[in-house]
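The following note sets out points for discussion on the model shown below. Please read it alongside the sequence and the coordinates.

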Amino acid sequence: PSPLVAAPSDWIGYNSDPSLLYDGGRLYLFYREVRSENNHEDRIRFFVISSGDGVNWSEPRAVFDKTVAKEEGALLLSPTLLKEGGRCLMWYVEPDGGEFVIKRGSVDGLQSISGIETAEILGLAPDDRPWHIDVVRADDDSLIMALCVRSKSNGRRHSIVFAKSAGGGMT
């Protein structure tokens with residue numbers, strides 16, 4: 001079906017920022033849902049659906065949930081995931097008081113996401129902030145991050161940059 005997950009029927013929210021992960025013969029689609037809870041708060045959740053054939057998909061399951069004040073703006077952007085052994089690693093952009101790339105892990109496969117670490121992105125221009133990201137493993141076992149960055153002073157200016165990490169995606 002298209003879309004795989006319909007927009008909220010009450011139109012007080014939206015879905016965005018999909019990310020695919022293939023693991024163990026299954027395709028996992030992670031996405032972000034933003035819902036207006038009231039006049040002062042938004043609820044932001046990451047959901048996952050999965051499929052063994054790319055046609056029939058599971059029901060959405062929430063793996064991360066956060067309620068934020070509306071004045072904080074868009075949070076928890078652009079989840080991207082990798083599987084390492086029995087662990088699932090997720091990076092996302094958290095503009096909470098500044099733009100940061102956050103790394104979280106899961107010890108129970110893809111059931112829930114926990115833990116939190118702030119990844120350091122070196123070499124960005126002083127005015128550039130991460131906006132949307134993707135992480136892949138390179139042939140030399142390092143991690144490559146593609147970042148769409150935006151200007152802090154002029155949010156309309158965007159660039160795409162690449163970063164490489166040999167330290168597990170923390171720097």
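How many bridges join strand β1 to β2? The points below begin with that pair.

1. **Basis of the note.** This is a predicted model, in which local features need pLDDT of at least 70 and side-chain atom pairs count only at pLDDT 80 or more, while totals for chains, interfaces and linings use all residues. Residues are numbered from 1 along each chain as its sequence is written, and side-chain values use heavy atoms, with hydrogens and water left out.

2. Nine bridges join β1 (residues 13-23) to β2, and the two strands run antiparallel. Strands here are DSSP runs (E, at least two residues), numbered from the N terminus, and two strands pair if DSSP finds at least two bridges between them. Within this pair, Leu 20 stands opposite Leu 29 of β2. Two residues lie between the strands of the hairpin, where Gly 24 adopts a positive phi near 55°.

3. **The four-stranded sheet.** β1 and β2 belong to an open sheet with the order β1-β2-β3-β4 and antiparallel pairing. β1 and β4 stand at the edges with a single partner strand each, so one side of each has no neighbour in the sheet. The twist from one strand to the next averages 15°, where axes are lines fitted to C-alpha atoms and angles run from 0 to 180 degrees between N-to-C directions. Eight bridges connect β3 with β4 in the antiparallel sense; Glu 41 is placed opposite Ala 69 of β4.

4. **Tyr 22.** Tyr 22 and Arg 104 are 82 residues apart along the chain, and their C-alpha atoms are separated by 18 Å.

5. β5 runs antiparallel to β6, to which six bridges join it, and Thr 80 faces Trp 91 of β6. This hairpin also has a glycine in the turn: two residues separate the strands, and Gly 85 has a positive phi of about 60°.

6. **Glu 94 in β6.** Glu 94 lies in strand β6 and is buried, with a relative accessible area of 6%. The side chain of Glu 94 makes a polar contact of 3.4 Å with that of Lys 66. Such a contact is a pair of N or O atoms within 3.5 Å; within protein, one must be able to donate a hydrogen and the other to accept it, and residues adjacent in sequence count only if both atoms are side-chain atoms.

7. **Nonpolar cores.** The largest nonpolar core comprises 17 residues, and Phe 30, Phe 46, Leu 76 and Tyr 92 have the most contacts inside it. A core is a set of buried Ala, Val, Leu, Ile, Met, Phe, Trp, Tyr and Cys residues joined through side-chain atoms within 4.5 Å. At least two residues of this core come from each of β2 (26-36), β3 (41-51), β4 (61-69) and β6 (87-94). A second, separate core has 14 residues, including Leu 77, Val 101, Leu 147 and Val 149.

8. **Gly 105.** Strand β7 (residues 100-106) contains Gly 105, which counts as buried because its relative accessibility is 5%. Gly 105 and Ala 69 are 36 residues apart in sequence, with a C-alpha to C-alpha distance of 25 Å.

9. **The three-stranded sheet.** A further open sheet has the order β9-β10-β11 and antiparallel pairing. Neighbouring strands are turned by 25° against each other on average, direction ignored. β9 and β10 (residues 143-151) pair over nine bridges, and Asp 128 has Ser 151 of β10 as its bridge partner.

10. **Lining of the largest pocket.** Fifteen residues line the largest pocket, and Ile 121, Ala 163, Lys 164, Ser 165 and Thr 171 lie nearest its centre. β10 and β11 are the elements that give two or more residues to this lining. A pocket is defined on a 1 Å grid over the protein atoms alone, as an open set of points where a 1.4 Å probe fits, with protein on both sides within 12 Å along at least five of seven lines; lining residues have an atom within 4 Å of a point.

Key. Buried means under 20% relative accessible area, exposed over 50%, partly exposed in between (1.4 Å probe, protein chains only).
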